[in-house]
There are 2 protein chains.
Amino acid sequence: MKVPVVTEILKANDQVATENRELFRGAGVGVVNVMASPGAGKTSLILGTLARLSDGIEPAVIEGDIASSIDADRIAEEGVPVVQINTGGNCHLDAPMVRAAMSHLDLTEVNLLFIENVGNLICPSNYRLGEDLKLVIGSVPEGHDKPFKYPGIFAGADVVVLNKDDLADVFEFDHAEYERGIRMVNPDVEIFRTSCRTGAGLDSWTAWLEKRLAALGTGVGAA
Amino acid sequence: MKVPVVTEILKANDQVATENRELFRGAGVGVVNVMASPGAGKTSLILGTLARLSDGIEPAVIEGDIASSIDADRIAEEGVPVVQINTGGNCHLDAPMVRAAMSHLDLTEVNLLFIENVGNLICPSNYRLGEDLKLVIGSVPEGHDKPFKYPGIFAGADVVVLNKDDLADVFEFDHAEYERGIRMVNPDVEIFRTSCRTGAGLDSWTAWLEKRLAALGTGVGAA
């Protein structure tokens with residue numbers, strides 16, 4: 001086992017993240033860091049978004065998992081370029097892992113990159129990857145108290161998508177309480193409700209994402 | 001921020017965990033480390049188990065969360081002794097945190113202790129707390145692929161409870177695939193299916209738990 005020192009790791013990670021971002025900007029690629037608990041629907045939301053992208057947007061995906069290529073296989077079936085990172089036990093992606101994965105993508109052919117982080121509502125929030133947007137996906141079955149219990153990741157989010165919202169009644173999900181918890185730590189963050197199963201909410205989420213990435217000066221919408 | 005070195009932390013943690021276990025054994029307390037993703041139903045399963053314990057079993061609970069006392073409040077409402085640990089961002093409980101929490105419990109009045117870990121399917125598996133049993137709770141809405149993606153925590157489990165099983169049809173949950181994933185890394189582990197909402201499966205889980213803790217020579221069932 002290596003003996004990393006946490007502060008040094010975070011500093012080194014930040015430096016590589018800044019370089020990643022410059023590389024992405026130079027190549028005209030908008031980048032979304034997708035974070036959520038295990039099973040909240042990260043891959044499903046990416047797939048639902050891919051299916052709704054405007055003409056001219058050329059997506060790619062980096063999949064982060066401790067083990068397996070289950071998610072990357074689902075993306076590859078759609079004909080979208082995808083790279084799988086297996087962290088081998090590591091609880092989050094970091095900027096050097098993303099750098100290594102980038103080298104397997106032809107960024108000149110891409111203008112929107114989703115980076116699906118390891119399923120974890122805590123650790124990924126500490127590691128910048130070089131992204132333009134941090135997306136946190138919540139899930140109705142997890143319960144509406146999650147923002148109160150995991151404030152860090154919600155505090156850092158640029159946008160929150162609440163998925164599996166078609167089951168809100170089944171789980172007696174209190175949207176007002178959920179959003180109150182988010183706004184306590186992140187007052188102005190955008191919040192969407194989706195169901196990847198029914199497709200509800202995916203059109204407006206995708207439209208917002210494209211607009212936001214264009215406004216940030218990324219390659220999305222620049223053509 | 002502190003500058004911890006990972007290997008040293010794990011060694012120091014193991015030492016305190018061993019001491020914790022000796023203290024628990026000396027006090028005749030059986031200890032269960034409860035691990036799961038956010039929202040899988042850790043607190044609900046503890047509450048459902050508390051309600052079904054045999055006479056003579058005196059429970060207590062240590063609640064681990066990054067922030068809030070939502071879960072501890074639910075336990076306290078049942079009149080069960082409970083201590084809340086707020087990790088302040090830390091992604092798992094460790095043995096020194098449990099040691100500190102123990103000092104707030106009268107162990108002579110207790111023979112069964114649940115330690116609810118932080119909601120995280122990765123990091124808690126690396127930190128022994130001094131427990132007799134590691135319980136991993138899965139949840140149907142998370143999907144049946146989770147053992148393939150998070151093998152470490154399933155490999156170390158003494159028992160797995162699959163919760164929210166009343167919704168297996170809604171989520172097209174494949175039990176055979178889920179159990180195949182678990183058995184790939186942990187061939188003989190006990191697996192239960194429960195629904196804390198309907199109560200299904202809780203009687204047999206609780207009966208097994210009591211028997212197992214008695215067989216391990218803890219205070220449970222020793223009277």
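Me: Which residues is Val31(B) in contact with, leaving aside its neighbours within four places in sequence?
Reply: They are Phe24(B), Leu113(B), Ile115(B), Gly130(B), Glu131(B) and Asp132(B). Contact means that the C-beta atoms of two residues, placed from the backbone, lie within 7 Å. The model is predicted: local features need pLDDT of at least 70, side-chain atom pairs count only at pLDDT 80 or more, and totals for chains, interfaces and linings use all residues. Residues are numbered from 1 along each chain as its sequence is written, while chains are lettered from A and ligands numbered from 1 in the order in which they are written.

Me: What makes Val31(B) count as buried?
Reply: Its C-beta neighbours. A residue is buried if 20 or more other C-beta atoms lie within 10 Å of its own, partly exposed in between, and exposed if 12 or fewer do; the C-beta atoms are placed from the backbone. Val31(B) has 28 inside 10 Å, so it counts as buried. It lies in strand S1 (residues 30-36) of chain B.

Me: What makes that stretch a strand?
Reply: Strands are DSSP runs of E, at least two residues long; helices are runs of H or I, at least four long; both are numbered from the N terminus. By that count chain A has eight helices and seven strands.

Me: Why is Glu172(B) called exposed?
Reply: Glu172(B) has 10 C-beta neighbours inside 10 Å, so it counts as exposed. Its phi is near 45°, a positive value in a residue other than glycine. The residue lies in the loop between S6 and H7 of chain B.

Me: Is Lys164(B) buried or exposed, and what decides it?
Reply: Lys164(B) has 28 other C-beta atoms within 10 Å, so it is buried. Its place is in the loop between strand S6 (159-163) and helix H7 (175-185) of chain B. Lys164(B) is not a glycine, yet its phi is positive, about 60°.

Me: What does the largest nonpolar core consist of, and which residues have the most contacts inside it?
Reply: A nonpolar core is a set of buried Ala, Val, Leu, Ile, Met, Phe, Trp, Tyr and Cys residues joined through C-beta atoms within 7 Å. The largest has 124 residues, and Ile115(A) and Ile115(B) have the most contacts inside it. Leaving out residues up to four places away in sequence, Ile115(B) touches, among others, Val31(B), Ile62(B), Leu93(B) and Val98(B).

Me: Why is strand S3 (residues 82-86) of chain B called largely enclosed?
Reply: Four of its five residues are buried, so the rest of the structure largely encloses it.

Me: How do you know that S2 and S3 of chain B pair?
Reply: Pairing needs at least two bridges found by DSSP between two strands. S2 (residues 59-65) and S3 of chain B have five, in the parallel sense. In one of them, Gly64(B) has Ile85(B) as its partner in S3(B).

Me: What makes S3 and S7 the edges of the sheet in chain A?
Reply: The open sheet runs S3-S2-S4-S1-S5-S6-S7, with parallel pairing. S3 (82-86) and S7 (190-193) each have a single partner strand, so one side of each lacks a neighbour in the sheet. Neighbouring strands are turned by 20° against each other on average, direction ignored.

Me: Which strands does helix H2 of chain A lie across, and at what angle does it run to S4(A)?
Reply: H2(A) lies across S1, S2 (59-65), S4, S5 (133-139) and S6 (159-163) of chain A, at about 165° to S4(A). Axes are lines fitted to C-alpha atoms, for helices over the stretch in contact, and angles run from 0 to 180 degrees between N-to-C directions. Eight of the nine residues of H2 (residues 42-50) are buried, so the helix is largely enclosed by the rest of the structure.

Me: Why does the radius of gyration of chain A agree with a compact globule?
Reply: The radius is taken over C-alpha atoms, and the globule rule is 2.2 Å times the number of residues to the power 0.38. For 223 residues that puts a compact globule near 17 Å; chain A has 17 Å, so the two agree. Buried residues make up 53% of the chain.

Me: How many residues does each chain give to the contact between A and B?
Reply: Chain A gives 33 and chain B gives 33. H5(A) gives the most on the chain A side, with three residues.
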